[in-house]
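Trainee: I would like a close look at one part of this model. Please take me through the sheet and the residues packed around it.

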Amino acid sequence: MTTPNKTPPGADPKQLERTGTVREIGSQAVWSLSSCKPGFGVDQLRDDNLETYWQSDGSQPHLVNIQFRRKTTVKTLCIYADYKSDESYTPSKISVRVGNNFHNLQEIRQLELVEPSGWIHVPLTDNHKKPTRTFMIQIAVLANHQNGRDTHMRQIKIYTPVEESSIGRFPRCTTIDFMMYRSIR
């Protein structure tokens, strides 16, 4: 009997941020869920605590909707899942969709997860590695391990590329330094 390979964990997304090439933009979005148990909703999904989680409460698919006020460039979606802690609540099949609103979402990724334990990095890029521009991201949990009904997701992070401006990047400058630079020009 063969055992399927486990989904390898990705690096902690905070390492991505430290490179200075991406920044987390989840706080700029409006988040909603298809359902949740009381006390296990968006706040737990976004609290930077790997011990807390969103727990759905209803029939599949379970949905996480992330809506931006303006068209936004997104490069990577990071989801934290932990099969050892959550067992049948752990997603096994996820669809990632993007669009302008609920009515025109298009699937750009479908993931099969095998006993994931850690961060799952989902590139939101096209075939040329160009980031996606969108108003909305929807994460749909289509199936869970062991045919579980409800889902646990422990954290979700969304990253945009940090773009260099025409005057260059200021990785360690203060606002005053930047203002002085502008006044010199």
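Mentor: In this predicted model, five strands form an open sheet. Their order is β2-β4-β9-β6-β7, and the pairing is antiparallel. β2 (29-33) and β7 (106-112) are the edge strands. Each of these two pairs on one side only. On average, neighbouring strands of the sheet are turned by 15 degrees against each other, direction ignored.

Now look at one pair inside the sheet. β4 covers residues 62-74, and β9 covers residues 132-144. Nine bridges join them in the antiparallel sense. Find Ile-66 and go across to β9: its bridge partner there is Ile-137.

Stay with Ile-137, and turn to the packing. The largest nonpolar core has 27 residues. Within this core, Ile-137 and Ile-139 touch the most other members. Several elements give two or more residues to the core: β2, β4, β5 (76-82), β6 (91-99), β8 (117-123), β9 and β11 (155-161). β4 supplies the largest share, four residues.

Next, take Ile-139. Leave aside residues up to four places away in sequence. Ile-139 then touches His-62, Leu-63, Val-64 and Ile-66, among others. Its contacts also include Leu-77, Ile-79, Ile-94 and Ser-95. Met-153 and Ile-156 complete the list.

Conventions
Residues are numbered from 1 along each chain as its sequence is written. This is a predicted model: local features need pLDDT of at least 70, side-chain atom pairs count only at pLDDT 80 or more; totals for chains, interfaces and linings use all residues. Side-chain values use heavy atoms; hydrogens and water are left out. Two strands pair if DSSP finds at least two bridges between them. Axes are lines fitted to C-alpha atoms, for helices over the stretch in contact, and angles run from 0 to 180 degrees between N-to-C directions. A nonpolar core is a set of buried Ala, Val, Leu, Ile, Met, Phe, Trp, Tyr and Cys residues joined through side-chain atoms within 4.5 Å. Buried means under 20% relative accessible area, exposed over 50%, partly exposed in between (1.4 Å probe, protein chains only). Contact means heavy atoms within 4.5 Å.
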